[in-house]
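Colleague: I would like to learn how to read the features of a model like this one. Could we take them one at a time?

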Amino acid sequence: MSGVPRLVIAAPSSGSGKTTVATGLMAAFAGRGLAVSPHKAGPDYIDPGYHALATGRPGRNLDAFMCGPELVAPLFAHGAAGCDLAVVEGVMGLYDGAAGRGELASTAQVAKLLRAPVVLVVDASSQSRSVAALVHGFASFDPHVRLGGVILNKVGSDRHEAMLREALEEAGTPVLGVLRRAPQVSAPSRHLGLVPVAERRADAVASVAALAEQVRAGCDLEALLALARSAPPLACAVWSPKQALAGARGRTAVDPTAPADGSAAAAAAAADRTPGSGAVPGRRPVVAVAGGAAFTFSYAEHAELLTAAGAEVVTFDPLRDEQLPEHTAGLVVGGGFPEVYAPELSANEPLRRAVADFAAAGGPIAAECAGLLYLARSLDGKPMCGVLDAEARMSQRLTLGYREAVAVSDSSLAAAGTRLRGHEFHRTVIEPGAGETPAWGFTHPERRVEGFVRQGVHASYLHTHWAAEPSVARRFVASAAARP
């Protein structure tokens with residue numbers, strides 16, 4: 001049972017100001033001394049970075065496509081445990097979800113699963129009385145979605161505000177805030193959306209502080225808090241990485257004698273049984289996770305699952321660190337923007353060589369998207385790690401969308417036949433797109449193979465959320481603990 005007060009910040013469409021309002025609200029409430037739990041509907045990695053900056057807590061994603069509707073409330077309860085308030089930023093328009101799947105993965109579905117009131121952020125810059133018709137349509141489209149009020153964004157003047165308020169008063173919809181146009185607090189964007197916090201931290205801190213001040217000045221925080229507290233208790237199990245691993249369906253094939261309970265003792269036992277293991281006998285195997293400005297895409301639950309499966313998770317920065325962390329037994333290189341930092345990544349030749357040597361020795365590597373590019377021979381002509389016999393480059397074409405995938409072959413990450421849902425989000429291409437042993441076979445929306453499996457390496461464009469299939473974390477840690 002979770003009784004955490006909660007709000008879902010939604011909008012009629014993308015570009016209405018959800019991130020501005022959600023981040024500003026998080027920072028404003030945190031500034032009042034409340035423990036605020038930040039969440040993002042959908043797979044986006046960048047917005048949660050700003051949420052974390054605003055609240056001092058990890059930004060967590062709630063994705064009903066990748067994790068299944070049944071995990072939305074438990075993952076929310078896990079992230080929000082002990083907090084005074086939770087704010088969930090929506091994705092796209094309120095009722096937009098996975099293409100061709102009805103409400104699946106929409107903000108509306110997340111709001112219903114959380115029994116949370118919705119605040120609609122409306123870009124009012126080009127309308128007046130019509131705003132009432134727009135809001136009425138969103139309020140009445142699904143009677144199970146509770147629209148608690150609106151925040152008007154990009155309002156031009158006092159007269160404009162008066163007209164908007166009058167129209168919404170006639171429609172019976174509370175106005176919970178009015179924000180004027182303020183371009184000085186907007187975050188810069190580029191080919192995949194906002195520039196991540198890690199790349200502009202000082203400026204991002206100032207932007208979030210400005211957002212908090214704008215929201216404090218323009219929104220009725222007491223009314224918004226009262227609305228959040230009106231959410232009924234949420235009856236659900238609280239997700240736990242340890243319990244998720246205990247119930248994981250997948251198989252651990254690299255070390256079939258290792259216990260499957262996901263405990264630290266299991267990984268340590270695997271290391272003790274394996275002469276010459278990369279892990280130090282009697283201690284947790286070190287799983288090095290790439291971070292820094294070039295590799296900012298990660299779900300908080302991944303590190304939690306790796307830790308619960310018995311690993312010692314150590315973050316390193318491929319832009320700065322010239323060696324892998326001491327005693328590295330497994331390597332995770334997630335998503336990010338290596339294309340922006342290709343010269344700097346290439347210039348760090350000692351680390352590139354260390355990664356190549358680790359792969360050549362059979363070390364387990366899980367690489368997603370940016371990690372895939374980093375393992376290639378080159379990226380935009382700049383030498384990379386050379387682990388994969390492939391070349392990567394920027395493209396004009398955006399590849400974006402949910403995918404359904406099945407593991408084509410056994411790897412350090414997944415047993416053959418493991419099914420996962422994920423998403424692609426990139427403006428790069430890699431040639432060839434798949435190795436002799438592909439990582440995944442996509443079954444929807446198109447049928448093709450993708451990615452590379454070679455010795456301990458599993459590299460792919462596909463972003464996945466390991467909470468949906470915790471066996472991949474258990475399998476990867478067992479691979480790290482048992483590596484020769």
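Colleague: How do the axes of helix α3 and helix α4 cross, and at roughly what angle?

Modeller: Helices here are DSSP runs of H or I with at least four residues, strands are runs of E with at least two, and both are numbered from the N terminus. Axes are lines fitted to C-alpha atoms, for helices over the stretch in contact, and angles run from 0 to 180 degrees between N-to-C directions. Helix α3 (residues 69–80) and helix α4 (residues 107–114) have axes that come within 9 Å and cross at roughly 60°. Angles under 35 degrees count as roughly parallel, over 145 as roughly antiparallel, 65 to 115 as roughly perpendicular and the rest as oblique. α3 and α4 are therefore oblique to each other. Their crossing is right-handed, a term used if the near helix is turned clockwise from the far one by less than a right angle, with anticlockwise giving left-handed.

Colleague: Which residues make the contact of α3 and α4?

Modeller: Contact means heavy atoms within 4.5 Å. P69, V72, A73 and F76 come from α3, and Q109, V110, L113 and L114 from α4. By class, the contact of α3 with α4 has seven nonpolar residues, one polar and no charged. In this scheme Ala, Val, Leu, Ile, Met, Phe, Trp, Tyr, Cys and Pro are nonpolar, Asp, Glu, Lys and Arg are charged, and the others, Gly among them, are polar.

Colleague: What limits apply to such values?

Modeller: This is a predicted model, in which local features need pLDDT of at least 70 and side-chain atom pairs count only at pLDDT 80 or more, while totals for chains, interfaces and linings use all residues. Residues are numbered from 1 along each chain as its sequence is written, and side-chain values use heavy atoms, with hydrogens and water left out.

Colleague: At what angle do helix α5 and helix α6 pack?

Modeller: Helix α5 (residues 130–141) and helix α6 (residues 158–171) pack at about 40°, with their axes 8 Å apart. That angle makes α5 oblique to α6. The crossing of α5 and α6 is right-handed. V131, A132 and V135 of α5 meet L164, A167, L168 and A171 of α6. The classes in the contact of α5 with α6 are seven nonpolar, no polar and no charged.

Colleague: How do the axes of α1 and α8 cross?

Modeller: The axes of helix α1 (residues 18–31) and helix α8 (residues 221–229) come within 12 Å and cross at roughly 95°. That makes α1 roughly perpendicular to α8. On the α1 side the contact has L25, A28 and F29, and on the α8 side L221, L224 and L225. These residues divide into six nonpolar, no polar and no charged.

Colleague: Which residues touch the most other members of the largest nonpolar core?

Modeller: In soluble globular proteins, nonpolar side chains tend to be buried together. A nonpolar core is a set of buried Ala, Val, Leu, Ile, Met, Phe, Trp, Tyr and Cys residues joined through side-chain atoms within 4.5 Å. Buried means under 20% relative accessible area, exposed over 50%, and partly exposed in between (1.4 Å probe, protein chains only). The largest core here has 117 residues, and L114, L152 and L224 touch the most other members. Not counting residues up to four places away in sequence, L114 touches R6, L62, V72, A73, F76, V88 and L234. A second, separate core of 38 residues includes L324, A354, F358 and A376.

Colleague: Where does the backbone have a cis peptide bond or a positive phi?

Modeller: Most residues other than glycine have a negative phi, and most peptide bonds are trans. The peptide bond from E431 to P432 is cis, with omega near 0°, and P432 is in the loop between β17 (419–431) and β18 (440–444). The bond from H444 to P445 is also cis, with omega near 5°; P445 is in the loop between β18 and β19 (448–450).

M92 has a positive phi, near 50°, and A105 has one near 70°. M92 is in the loop between β4 (85–89) and α4, and A105 lies in the loop between β4 and α4. M92 counts as partly exposed at 36% relative accessibility, whereas A105 counts as buried at 5%.
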